[in-house]
Amino acid sequence: MTQSTILKPEALRSLAFGSISGTYALVGSITNPSQLYIIQNLTNATITFSQDGVTDHFILPSMGFITLDIGTNKGTFQTLSVQAGTALYAKGSPGSGSVYITTFYMA
């Protein structure tokens, strides 16, 4: 049996604590429309995240994560995804660690 859809990872994106301050810094942007999108805050502080670098969108506590499994419940004629080109910015005052974006897309 041939599988017609393959889930492929993009390169890991990260931002180390020394680059995170009280103003938004770019963690990274995704290249492909992503069906699985994971954000991890592996710093020692609560971090605020934004998709436009201006507006506070959500926070993650120290050692927290969010997983958006968008592709799981797709319908026959629809595929939900995080849009290609979507950026993620972070701000806070960590003393150690990094934040990460892990993303997978259907190929």
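Which residue in E8 is the bridge partner of Ala25? Keep that in mind; the tour comes to it soon.

**Before you start**

This is a predicted model, in which local features need pLDDT of at least 70, side-chain atom pairs count only at pLDDT 80 or more, and totals for chains, interfaces and linings use all residues. Residues are numbered from 1 along each chain as its sequence is written, and side-chain values use heavy atoms, with hydrogens and water left out.

**The whole chain**

Show the protein chain as a cartoon. There are nine strands and zero helices. Helices (H or I, at least four residues) and strands (E, at least two) are DSSP runs, numbered from the N terminus. Read from the N terminus, the elements run β-β-β-β-β-β-β-β-β.

Of the 107 residues in the protein chain, 35% are buried. Buried means under 20% relative accessible area, exposed over 50%, and partly exposed in between (1.4 Å probe, protein chains only).

Next, contacts, meaning heavy atoms within 4.5 Å. Take those in the protein chain between residues at least 6 apart in sequence: 77% join residues at least 24 apart.

**Stop 1: the four-stranded sheet**

Select E3, E8, E5 and E6. These four strands form an open sheet in the order E3-E8-E5-E6, with antiparallel pairing. The edge strands are E3 and E6, each pairing on one side only. Neighbouring strands of this sheet are turned by 30° against each other on average, direction ignored. Those angles rest on axes, which are lines fitted to C-alpha atoms (for helices over the stretch in contact); angles run from 0 to 180 degrees between N-to-C directions. Two strands pair if DSSP finds at least two bridges between them.

Begin at E3. Four bridges join E3 to E8, and the two run antiparallel. Here is the opening answer: the bridge partner of Ala25 in E8 is Ala90.

Move on to E5. Three bridges join E5 to E8 (residues 87-91), again antiparallel. E5 also pairs with E6 in the antiparallel sense, over three bridges. Click Thr48. Its bridge partner in E8 is Lys91, and its bridge partner in E6 is Ile59.

**Stop 2: the two faces of E5**

Show the side chains of residues 47-50. Ile47 and Phe49 point one way, Thr48 and Ser50 the other way, and all are buried. In a regular strand the side chains alternate between the two faces of the sheet.

**Stop 3: the aromatic pair**

How many aromatic pairs does the structure hold? The structure holds one. Select Phe49 and Phe58: they form a stacked pair, 5.2 Å centre to centre with 15° between the planes. Rings of Phe, Tyr and Trp (its six-membered ring) pair if their centres lie within 6.5 Å; planes under 30 degrees apart count as stacked, over 60 as edge-to-face and the rest as tilted. Phe49 is buried, with a relative accessible area of 0%. Phe58 is partly exposed, at 23%.

**Stop 4: strand E9 and its partners**

Select E9 (residues 98-106). Strand E1 (residues 7-9) runs antiparallel to E9, joined by three bridges. Lys8 has Tyr105 as its bridge partner in E9. Strand E2 (residues 13-16) pairs with E9 over four bridges, in the antiparallel sense. There, Ala16 stands opposite Ser98. E4 pairs with E9 over six bridges, also antiparallel. The bridge partner of Gln40 in E9 is Tyr100.

**Stop 5: Ile38**

Stay on E4 and pick Ile38. Ile38 counts as buried, at 18% relative accessibility. Leaving out residues up to four places away in sequence, Ile38 touches Ile66, Thr67, Tyr100, Ile101 and Thr102. From Ile38 to Ile66 is 28 residues in sequence and 5.8 Å in space, C-alpha to C-alpha.

**Stop 6: two loop residues**

Is Gln35 buried or exposed? Find Gln35 in the loop between strand E3 (25-29) and strand E4 (36-41). Gln35 is buried, with a relative accessible area of 5%. Its side chain reaches the backbone nitrogen of Met106 at 2.9 Å.

Finish at Met63, in the loop between strand E6 (58-60) and strand E7 (64-69). Met63 is exposed, with a relative accessible area of 54%. Met63 is not a glycine, although it has a positive phi of about 65°.

Conventions:
A polar contact is a pair of N or O atoms within 3.5 Å; within protein, one must be able to donate a hydrogen and the other to accept it, and residues adjacent in sequence count only if both atoms are side-chain atoms.
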